[in-house]
Amino acid sequence: MAFNINDIRSQLTSGGARNSLFQVTIQNPVNSLGDLKVPFMARAAQIPSSSIGFIEVPYFGRKVKLAGDRVFEPWTVTIVNDEDFLIRNALENWSNAINSLQGNLRTTGSASPLNYKAQAQVTQYSKTGTPIRQYQFNGVFPTDITAIDLDWNATDQLEEFQVTFQYDWWEVLPGFTGNAGGT
């Protein structure tokens with residue numbers, strides 16, 4: 001087939017999805033004070049990945065591959081820090097409630113994971129501002145809150161930090177483009 005620019009133009013009917021048109025929401029079960037600010041300060045995130053492992057069964061010198069279990073990779077969000085430290089403080093409170101800094105104790109009222117796991121969403125928007133896909137993370141909790149680098153040479157920059165979350169599974173919520181990740 002000869003190259004023809006109209007071939008790709010006919011496939012990009014909406015001009016392609018833009019990676020800058022997204023919003024993150026996180027429901028912090030321990031300290032919700034930063035929840036309303038997260039959609040404005042979450043500068044970067046990912047649409048989640050997952051992979052299906054495989055099992056190799058050797059047979060007469062050959063290996064037959066069978067589908068294994070699904071694995072969900074950690075999810076990382078980059079947060080712009082404001083001088084009120086509202087989001088960082090709320091995330092540190094959440095992390096500390098899961099395992100306290102000094103006492104090595106869970107302080108969520110009980111040891112039940114239901115008390116520290118929550119939900120988060122990544123919503124992808126079209127170029128017209130319409131939500132086109134929403135991923136929901138179920139059973140999410142923070143496992144790593146990175147350092148904030150301080151530097152006298154850093155001018156014209158805002159502080160940022162990353163938060164890595166673990167979660168039980170993700171799903172695409174109904175009513176949006178496609179519906180992967182159902183039951």
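Reply: On a 1 Å grid over the protein atoms alone, a pocket is an open set of points with protein on both sides within 12 Å along at least five of seven lines, whereas a cavity is a set where a 1.4 Å probe fits but cannot get out; lining residues have an atom within 4 Å of a point. Grid points are joined across faces, edges and corners, and a volume is the space filled by probe spheres set on the points. This is a predicted model, in which local features need pLDDT of at least 70, side-chain atom pairs count only at pLDDT 80 or more, and totals for chains, interfaces and linings use all residues. Residues are numbered from 1 along each chain as its sequence is written, and side-chain values use heavy atoms, without hydrogens and water.

Me: What volume does the largest pocket have?

Reply: The largest pocket has a volume of about 230 Å³. Its lining includes Ala 147, Asp 149, Leu 150 and Gln 157.

Me: And how many cavities of 30 Å³ or more are there?

Reply: There are 2 cavities of 30 Å³ or more.

Me: Which residues line the largest cavity?

Reply: Among them are Ile 26, Asp 35, Ile 87 and Trp 94.

Me: Which residues line the second largest cavity?

Reply: Lys 37, Met 41, Ile 79 and Ile 87 are among them.

Me: What does Ile 79 touch?

Reply: Leaving out residues up to four places away in sequence, Ile 79 has contacts (heavy atoms within 4.5 Å) with residues including Met 41, Ile 87 and Phe 161.
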